[in-house]
Amino acid sequence: MFAHAIDRLRPYALPLVVLLITWGIIAGITPSFRGVGSIFAVLEGFPLVGLAALGLAVTIIAGELDLSVGSMAALAAVVAVLTSPTGLVPCILIATLVGVVFGAVQGTLIGYLRINSLVFTIGTLILLRGLTYIASDNAPIIIQNITITDPLLDRYVVFSISSITAVTVFILAGLFLTYTRWGREIYAIGGARNEAIAAGVPRIRPLTVSFAISAGCASLAGALAATRGGSAAPQNYADLLLSGAAAALLGGISLYGGRGSVINVALGVAVLTVVATGLAARGSTAYLVQLVTGALLLTMIAIEFLAGRLTLRDTILGAGLRGHTRGPEDVDSQREG
Amino acid sequence: MRLSGAVRLPEGRVWDWLPLAIIIALALAGIIVAVIITPSFLTVDNIRAILRNASIVGIVAVAMTPMTLSGNFVSLAIGQSAMLAMVCFVALVGDGWPQPLAIIVVVAGLIVVGVMQGAIVATGLNPIIITLAAGAIIFGVVTEITGAGIVRTGDYLIGWGSGTVGGIPIQVLIFLIFTVVVSILMSRTVLGRETTLVGANRATARISGISFTRVTILAFVIFSVGLAIAGILNGAAFNQATSRSFPNLTIDAIAALLVGGTAIQGGHGSPLRSAGGALFIAVISSMMVLNDFSTGGRLAVQGGVVVAVVVLLHELRRRREVR
Amino acid sequence: MKSLKRLAALACAGALVAGAWSIPSADVKAEGTGMLEGDGKAMVMFVMTASNVYGANQIKGAKQEAERLGWDLTVFQHNFSQPEQDAQVQQYIASGAEPEVIIFWPWVADAAINAVRQLSRLAPVIQLTQEPNEQSWPYVQAYSGANQILIGETLGHMMLQAREAARAAGMEFKSPEGNLLIFQHPEGEKTGVERMKGFLAVTADEPFNIIHTEWGPNSPETGYQIGSQVVPKFKGQFDFLFVSNQQAANGIIRALKENGIAPGQDVYIVSGDCSGSLDAVKNGETFGTGIQPAAVEGALAVRSAAKFVAHGRIEGDVIQLEVEAEAPEAENTPPAKYNYMPHAPAIGAEGVANTRIWGYTADEICASG
Amino acid sequence: MPEEAASTGGLNGETAPPLRLGVRRLSKRYGNVQALDSIDFELRPGEVMALLGENGAGKSTLVKIVSGLVQADSGTIEIDGKPASLYPSARSQAAGVAVVHQEYSSVPTLSVAENLVLGQKGIPPIWLPRELNARARRLLAGVGLDYLDPRTPVERLSVAEMQLLEVARLLVRDARILIFDEPTAALADREIERVLAVIKRLSAEGRSVIYVTHRLPEVFRLAHRVTVFRNGQSLPPRSADELDVDAVIAMMLGRELGTMFPARGSLADEPLLRVDGLLAEGLEEPVSLRVHPGEIVGLTGQLGSGASAVVQSLAGMLPPLAGRVELKGVELSLRSRVATLKSGVAYCTADRKKDGIFAGRPIRENLSSPWVRAVSSAGWISGRRERIRSREIAAEFAIDVKRLGAAVGALSGGNQQKVAVGKWLGTAPGVILLEEPTRGVDIGARAEIYQRLRDLCSAGVGIVVASSDTSEILGLSDTIATFYRGRMIRILPHDEWTEDALVREVMHQEDEAPAEAGEAAS
């Protein structure tokens with residue numbers, strides 16, 4: 001029983017340690033990054049980068065990668081602003097729904113065609129960006145009745161409406177992935193695709209679901225940011241893919257699929273936000289933040305790698321590391337009559 | 001269903017070339033459409049412009065092909081690495097170094113940076129994360145060192161970057177030569193063969209005595225050389241550089257590679273195809289500029305074309321491989 | 001798990017204490033302090049990243065000026081992204097900081113209204129670089145920065161001079177008034193629209209024949225990428241080029257040369273602002289460029305903010321600063337509604353060499369970070 | 001057991017129960033290949049029917065049709081006397097058909113309990129772990145895995161445990177027709193016992209089993225009746241008791257099997273390969289061996305017995321901890337695969353798909369992969385020399401020389417294995433190491449591979465084969481060594497072994513040194 005509990009906590013150990021250390025360091029050197037304010041600031045990372053990372057992580061767990069999240073967020077932002085006359089909640093819902101539908105179609109196509117998602121979504125990344133420009137008529141657009149966005153600007157101790165929404169989505173996604181049939185299917189198909197299909201897991205549904213989640217999360221992120229800012233610009237969110245992916249990876253989501261949980265994503269987002277906002281609060285340059293993020297990623301990989309070398313199996317990092325033994329590349333070669 | 005274990009296969013070579021043939025056919029179809037709706041399309045100037053535009057992306061896509069072939073996916077530090085080369089080259093020349101020396105130093109320097117990444121990747125770590133992190137670090141360091149300013153050649157202007165040799169623009173010529181060299185390297189040499197085999201099945205390659213480490217490092221070396229060339233060419237043409245140079249190169253090069261039909265998992269593809277992919281995208285792009293497409297229209301069409309082509313190529317390969 | 005929770009609680013408590021200790025004491029702002037010196041009080045600035053030449057210069061100028069006046073300036077940089085800036089504003093407000101005054105450059109002015117609204121609840125907002133629009137004026141005290149219409153006008157004047165010079169050099173125009181090809185800012189960007197307004201106003205009496213407007217280039221690479229496709233299309237049809245900035249012009253010049261068109265002989269180029277290498281201006285390939293001193297803009301913004309804090313109000317509509325070689329002393333007067341930075345044309349190598357604004361040379365203004 | 005007895009074996013004495021599965025005149029065509037040509041097949045309730053045949057004989061096509069993966073072109077299928085449509089697989093499952101695949105269909109990252117409900121019908125959309133685990137425990141008990149914690153990730157299970165988990169999963173569906181597709185291919189003898197015991201239990205419960213295999217001994221231990229497929233056609237089912245190994249093989253091949261194992265040649269005196277005191281991970285005691293030119297040394301033992309460890313270590317895949325190995329009188333460095341390859345050690349792995357072939361690449365490139373350097377100068381491949389040499393090899397191994405440009409993945413298992421073995425010929429190897437050389441290979445190709453190995457011997461090559469198939473080892477080897485739990489038990493010339501002795505030694509059922517073995521296990 002106890003061993004099992006330790007087993008379950010194992011994948012979170014490294015990102016948690018990294019989070020505590022970075023938070024400690026950043027709070028130590030940045031007077032304005034302490035106390036309730038800093039907790040609020042970190043939570044504010046969840047509505048944008050966090051949701052994008054969550055969506056990406058779901059596709060990574062399914063053994064795929066959705067490169068189109070940035071463009072999807074931009075399109076959803078434009079849709080939210082265009083539909084803002086319907087009211088705050090409806091316009092966010094509409095934008096999210098657009099994303100979910102697009103993601104579902106994209107996932108279904110990827111599953112049906114059995115095409116590598118990296119290959120497919122690099123095309124939709126460009127395509128969606130183009131549609132965003134067309135939808136916004138190539139220029140930034142603003143919400144006409146700006147007062148409808150007022151509720152989004154309120155703060156409740158360490159929460160805002162946006163971060164409450166994001167955290168709720170995180171919890172729902174966590175419950176969905178852990179305790180539902182469709183959720184476990186995503187893990188199954190990401191952990192061992194051919195085996196899962198042989199066991200009776202449908203080939204397409206988990207992909208449809210995970211890409212719908214991915215695009216839905218990205219859309220919600222875009223719609224929340226757009227309504228809070230009161231506007232949308234077609235060129236926005238180009239960097240969202242990288243920061244989202246960095247957050248998911250920092251949190252310990254294995255790129256080989258089938259492993260990791262929402263808690264990993266949350267930890268990763270927290271690390272990234274602490275670095276980004278903590279350094280920014282010191283007035284550090286934007287590129288320094290990039291540099292530190294890159295270095296953190298490498299350090300994290302190095303620790304996992306070295307720890308894996310020393311004791312292959314039962315280290316605190318073992319669970320995350322074993323995923324590296326399986327590559328996604330033999331999926332195609334195993335498919336035969 | 002295509003499941004039979006005994007379907008007769010045509011000789012493999014034909015099928016190997018078919019995807020390329022289809023891309024060329026599509027490109028030709030595109031050109032014909034373009035000619036019909038765009039009178040100024042088939043002018044020498046425009047063709048030269050297309051080739052020029054395809055060159056830098058093409059060189060990079062070709063340079064990355066061995067990496068993808070060897071099963072190391074793609075680099076996410078393309079733009080940053082090329083930027084590093086461009087900034088270094090311009091800075092060295094501006095500092096009064098003789099150009100040949102500067103070129104050698106830049107190529108060598110980029111190889112060092114590439115091999116460092118390659119060595120990490122060769123231990124079995126995921127290339128996507130490694131290059132993602134490397135790109136962020138390169139960008140941060142270069143921006144810090146240049147103070148975000150523009151690096152210039154100043155008094156030591158370089159002219160040859162936009163020059164021509166026998167009417168052919170120099171970057172087009174280099175693109176051509178580089179494509180041919182890397183293609184031959186991949187198809188006719190032991191190293192090239194090993195690269196493809198490692199990508200096709202890493203474990204079998206190991207049993208067959210092919211070193212993954214050597215292949216990976218070689219792939220990163222070729223990649224670095226190509227990026228150094230791209231950076232130097234642009235440096236020699238612009239006489240200036242910043243840490244924000246090559247903003248769209250990463251996505252453009254990956255798109256060219258994929259449109260060319262190289263399999264992202266490795267073991268399938270060729271540098272020639274990547275070059276074809278870059279040309280194809282340049283043709284589409286030129287056609288849209290000449291027809292006054294809006295920014296959104298251009299992107300939407302380009303994205304749609306990428307999706308369509310990769311799906312088509314994928315279906316072709318699947319028909320060939322799945323039985 | 002339990003011990004972990006306890007640890008977290010302890011950490012939070014510690015951080016809270018530290019945070020409370022670090023919050024500066026609030027003071028009166030109703031009447032104004034009467035002096036420009038900040039005495040270490042907090043001023044905050046939201047701008048774009050310093051990994052861009054213009055941004056780097058602007059931040060440098062602002063920091064130097066803040067130091068001179070004794071303000072504690074914190075700068076938040078976004079990576080060319082309005083959502084990122086929005087998030088920074090949220091997080092800054094959340095951190096409980098109480099700045100004396102805020103300098104805000106909304107990345108997309110139309111898209112930053114909520115950010116301005118929120119900032120204005122915290123402290124007076126001085127908007128930078130992008131002029132406030134109707135919706136945001138209620139939340140902004142004053143504008144300080146570039147005068148885009150003036151830049152457009154300067155451009156227009158230079159373009160007229162270019163036409164004279166071309167005539168004098170015996171160039172034959174493709175139309176009596178000269179054919180003009182325009183490379184604008186990215187489609188929909190307000191800066192470009194306003195500059196065009198100024199340009200058209202100045203050239204209204206002797207207009208150019210505008211044959212095409214192309215959108216988007218803002219770096220040598222994109223300038224070349226777009227230029228190399230557009231130039232062949234209009235080859236032999238244009239005499240003059242209007243390019244949004246010198247960065248893009250450097251790329252377009254390459255495209256021109258590769259198509260056998262000699263800039264400075266076959267075609268005259270004028271660029272809107274100078275961020276970028278000035279080599280092409282010095283060697284005559286670009287006829288002239290507008291010198292838009294970002295460092296001065298940054299310094300001026302700090303001054304305008306300090307002035308507002310000192311007086312608590314604005315006075316008058318427009319202060320347009322003239323070009324001065326050395327930085328003038330900051331006057332202890334209220335700021336105007338619009339505080340425009342100086343802007344100077346630079347024509348040819350001589351123009352570049354003679355340019356000196358607030359102690360900065362043209363190269364320092366345009367090309368170094 | 002006479003046929004009548006078999007028919008009523010698991011039942012209550014009724015004389016003519018309806019067939020559990022009745023297939024009449026079923027045909028299926030792929031392109032221009034007739035995979036099934038009007039075959040008949042029947043399966044009674046509670047019966048284990050062995051389905052035999054060479055690869056390509058139509059076994060897997062029938063399995064696919066019954067499991068609903070493909071649709072038959074013509075013919076009828078009845079289940080319990082009623083016409084049934086089994087396509088697509090959902091319908092097949094609903095009709096009570098379940099397949100235990102050769103490749104496991106469990107997901108290593110998920111827990112045992114989750115794997116048990118994965119893909120099952122009637123599982124609620126929300127999974128409550130407590131309920132799931134309780135249900136899993138019940139199911140695991142049914143297949144003798146009651147000691148497993150259902151929360152254990154499947155990746156920590158042994159191969160046999162995974163196999164049994166697979167069976168447990170099918171039981172959830174209440175499958176009445178169970179199809180086992182070479183379930184024991186990857187198992188060692190002791191683990192096979194567990195699986196066979198479970199299958200027997202299932203048939204005793206009244207479930208019907210179709211048992212597809214290449215291993216004949218199992219057929220006689222398990223099956224009530226035997227159906228043999230040959231070239232897409234079916235032979236009438238025969239009671240297992242009427243048959244013996246030779247008769248079955250004759251039915252499969254349509255000829256007598258006299259030439260399955262080629263005749264042995266004579267041996268030279270000087271050993272080619274000397275292994276002295278070799279110790280590596282997986283070996284408890286140092287191993288010493290001699291391999292003479294022209295000799296085939298067979299190493300046999302269960303999984304983890306150390307036989308594979310010896311071969312892998314000799315191949316340079318497993319760094320040795322101690323010992324000295326000499327090849328042709330020169331010390332052989334076992335530090336890396338590259339080093340052993342250079343010294344002339346060829347190595348054919350057990351898992352063809354995983355590390356034996358480059359499935360997506362052409363046959364020619366596969367064949368030349370280990371010796372491509374030999375047909376190149378200064379790093380440049382001579383296409384002509386590569387073609388000539390690969391054609392020679394292809395001709396020798398009866399691989400269609402006109403198809404050398406086709407991808408290896410498109411070949412049948414037997415032909416793939418020929419490529420995997422044949423490629424080493426080009427390296428002019430001194431020693432060839434093989435692990436499980438004929439796993440998943442049909443009997444025709446198997447005989448061909450044995451013959452080629454003998455041919456190589458007569459050319460003076462030494463061969464070391466590690467196999468858990470004792471009949472293969474006995475028929476093929478000149479010298480046989482048995483392994484048990486990391487130790488080499490005994491090494492003797494082949495004529496001093498009997499199959500019985502070999503099996504007993506590999507199973508280690510003799511009385512000698514049980515305490516020692518117990519220690520090693522703990």
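B:Ile184 sits in helix H6 of chain B. Helices here are DSSP runs of H or I with at least four residues, strands are runs of E with at least two, and both are numbered from the N terminus. This is a predicted model, in which local features need pLDDT of at least 70 and side-chain atom pairs count only at pLDDT 80 or more, while totals for chains, interfaces and linings use all residues. Residues are numbered from 1 along each chain as its sequence is written, chains are lettered from A and ligands numbered from 1 in the order in which they are written, and side-chain values use heavy atoms, with hydrogens and water left out.

## Where chain A meets chain B

Let's turn to the chain pairs. Of the five pairs of chains in contact (heavy atoms within 4.5 Å), chains A and B share the most contacts. Here 40 residues of chain A touch 42 residues of chain B. The two chains bury about 3,800 Å² between them, and 77% of that is on carbon and sulfur atoms. Buried area is the accessible area (1.4 Å probe) that two parts lose on being put together, summed over both. Three residues, A:Ile122, A:Ile126 and A:Tyr287, supply 16% of the area that chain A buries against chain B, more than any other three.

How many salt bridges cross between chain A and chain B? The rule finds zero, where a salt bridge is a side-chain nitrogen of Lys or Arg within 4 Å of a carboxyl oxygen of Asp or Glu. The interface does have three residue pairs in polar contact, both at pLDDT 80 or more. A polar contact is a pair of N or O atoms within 3.5 Å; within protein, one must be able to donate a hydrogen and the other to accept it, and residues adjacent in sequence count only if both atoms are side-chain atoms.

On the side of chain A that touches chain B, the elements giving two or more residues are helices H5 (88–113), H6 (117–135), H11 (240–250) and H13 (286–310) of chain A. H6(A) gives the most, with 14 residues. By class, this side has 25 nonpolar, eight polar and seven charged residues. Ala, Val, Leu, Ile, Met, Phe, Trp, Tyr, Cys and Pro count as nonpolar, Asp, Glu, Lys and Arg as charged, and the others, Gly among them, as polar.

## Where chain C meets chain A

Next comes chain C. Its contact with chain A takes 37 residues from chain C and 47 residues from chain A. About 3,200 Å² is buried between chain C and chain A, with carbon and sulfur atoms giving 57%. C:Pro83, C:Gln91 and C:Asn114 supply 17% of the area that chain C buries against chain A, more than any other three residues.

Between chain C and chain A the count is one salt bridge. A:Asp150 pairs with C:Arg117, and their closest N and O atoms are 2.2 Å apart. H3(C) gives the most to the side of chain C that touches chain A, with eight residues. That side has 16 nonpolar, 15 polar and six charged residues.

## Chain D and a few local details

Over all chains, the structure holds 50 salt bridges. One of them joins D:Arg373 to B:Glu194, with the closest N and O atoms 3.2 Å apart. Chain C and chain D, however, do not touch, and their nearest C-alpha atoms are 21 Å apart.
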